[in-house]
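Dear colleague,

I am passing on the structure that we talked about, and below it you will find my notes. Please read them with the model open beside you.

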Amino acid sequence: MTADGTAAHGTAADGSGEERAAGANRQPEREGTCSPPLLTIGAFAKASRLSAKALRLYDELDLLRPAEVDPLTGYRRYTPDQLPKARLVVWLRRLGMPLARIREVTALDGRAAAEEVRAYWARVETETAARRDLAAFLVDQLARRGPEGPGTEGIGDTTMTTEHPDHTDDTDHTEHTHDTGTPRGPLSLRYAAATDAGLARPVNQDAAYAGSRILAVADGFGTAGAEASSAAVETLRGLDEVPITPGDVLNLLEDATVRAAEAVRGVAGGDESVGTTLTAMLWTGSQLGLVHIGDSRALLLRDGALSRITQDHTPVQTLLDEGRLTAQEAASHPQRSLLSRALTGGGPHHSPDLRLHEARPGDRYLLCSDGLYTVVPAEEIRTVLAGAASPDEAAAELVRLAREAGGPDNIGCAVADVHEE
Ligand code: MG
């Protein structure tokens, strides 16, 4: 069966009453024309390896229209010229491509269609990589669960990171899977947060918070953008007070994000143009749970290398993932700040990315809004993070650099160090 519930290998006898009534091999009489004989839906289904049921669905969806529909009986007939398109539909379905996108691809000429298929598959691979990491994490956690029940996850035992490949930072993005096997002392965070209006905006719509367990950065937009980002960060801040176990961390973050979305809708008063990004990390004592929606970023400095943990929810990032833009083109794209996902005052609900991240002593994390990373090059950010003596110093220096670079946008950042107590 294909994903739309239709059989991909239909036959002339697979339940098409239309087929039986029309007769499998009966060709319509077409006097006075040299056109090739039309195929009944059954014959066309057999030749294309699409079921008659699928052909009727594709007709209704305007994906593959029959050449002729009998006005009296409603019987569909197809020309042999339509077979290549039908066979392409079969192959695209086997690729898992949604019908709406197949309709777009089949309307293109060969080269453009090839580009669409390539871009679609690049996207699938990006998404599969994230799911693969989640699967690896679950396998690891379940394997650690002894016959006595859950809860063997302990300090130094977490073994998963889910770094996305980074397309813009010139850093090493090797996936780290780590199990030291050696005991170490309890871990905790040192942290700092800073925001600044920058030099061009009249209002600071960025909000940032750092506490013993939660780090959060939000970049508001619209007329009540400052209220939206503050409401989101305040909601996440509540997690600094609740008891946390490693198994709960993502559920807690997801629930808090739902409440944050409600808070944003509350301050927006139904205005869809109001909203905020939200990137936050929740510390369990050994792991960092990450929630992310929008184009603020989480970065990690580990062993001197800077890597990005989040992926921007922007149309430009999608184009980048699909290989349609280079990193350089994306950096100067006129619509680079347009968001495809955010917590908004109205409209559709967007799901955040949620993942767990292994923490190691010596890690330094940075959450920041686009007001920092679009004006301060990744290598400069890396240098500051690698050289600053404390999170406070790093946050202050990053704000200073963004202002020095013109400060065209608000700047928000939170920095945390993982250290052994
Ligand atoms: Mg911004």
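Why does A192 count as buried? The reason is that A192 has 20 C-beta neighbours inside 10 Å, and a residue is called buried if 20 or more other C-beta atoms lie within 10 Å of its own, exposed if 12 or fewer, and partly exposed in between, with C-beta atoms placed from the backbone.

Before going further, please keep in mind that this is a predicted model, in which local features need pLDDT of at least 70 and side-chain atom pairs count only at pLDDT 80 or more, while totals for chains, interfaces and linings use all residues. Residues are numbered from 1 along each chain as its sequence is written.

The chain as a whole

The protein chain has 13 helices and 15 strands; these are DSSP runs, numbered from the N terminus, with helices being H or I of at least four residues and strands being E of at least two. Of the 421 residues in the protein chain, 42% are buried. Two residues are taken to be in contact if their C-beta atoms, placed from the backbone, lie within 7 Å, and among contacts between residues at least 6 apart in sequence, 68% join residues at least 24 apart.

The nonpolar cores

A nonpolar core is here a set of buried Ala, Val, Leu, Ile, Met, Phe, Trp, Tyr and Cys residues joined through C-beta atoms within 7 Å. The largest one has 75 residues, and those with the most contacts inside it are L215, A216, A232, C413 and A414. Helix α8 (residues 249–268) supplies the largest share of this core, namely nine residues. In soluble globular proteins, nonpolar side chains tend to be buried together. If neighbours within four places in sequence are left aside, the contacts of A414 include Y191, A193, L215, A216 and L367.

The five-stranded sheet

An open sheet of five strands has the order β4-β15-β14-β10-β11, with antiparallel pairing, where two strands are said to pair if DSSP finds at least two bridges between them. Its edge strands are β4 and β11 (305–308), each of which pairs on one side only. Neighbouring strands of this sheet are turned by 20° against each other on average, direction ignored; such angles run from 0 to 180 degrees between N-to-C directions, with axes being lines fitted to C-alpha atoms, for helices over the stretch in contact.

Strand β15 (residues 411–420) is mostly covered, since eight of its ten residues are buried. Strand β4 (residues 187–196) is joined to β15 by ten bridges, the two running antiparallel, and S188 stands opposite H419 of β15. Strand β14 (residues 364–368) pairs with β15 over five bridges, also in the antiparallel sense; here C368 stands opposite C413, and R364 stands opposite D417.

To return to A192, this residue is found in strand β4. The C-alpha atoms of A192 and V415 are separated by 5.4 Å, although the two residues are 223 residues apart along the chain. Apart from neighbours within four places in sequence, A192 is in contact with A210, P391, D392, A395 and V415. V418, in strand β15, is likewise buried, having 20 other C-beta atoms within 10 Å. Not counting residues up to four places away in sequence, V418 touches L187, L189, A359, R360, P361, G362 and D363.

Helix α12 (residues 378–387) and helix α13 (residues 391–404) have axes that come within 9 Å and cross at roughly 155°. The pair is therefore roughly antiparallel, a description used for angles over 145 degrees, whereas those under 35 count as roughly parallel, 65 to 115 as roughly perpendicular and the rest as oblique. The contact is made by E380, I381, V384 and L385 of α12 and A394, E397, L398 and L401 of α13. α13 lies across β4 and β15, running at about 25° to β4.

The three-stranded sheet

A further open sheet, of three strands, has the order β1-β3-β2 with antiparallel pairing. Because β1 (39–40) and β2 (68–69) stand at the edges with a single partner strand each, one side of each is left without a neighbour in the sheet. β1 and strand β3 (residues 76–78) pair over two bridges, and the bridge partner of L39 in β3 is Y78.

With best wishes
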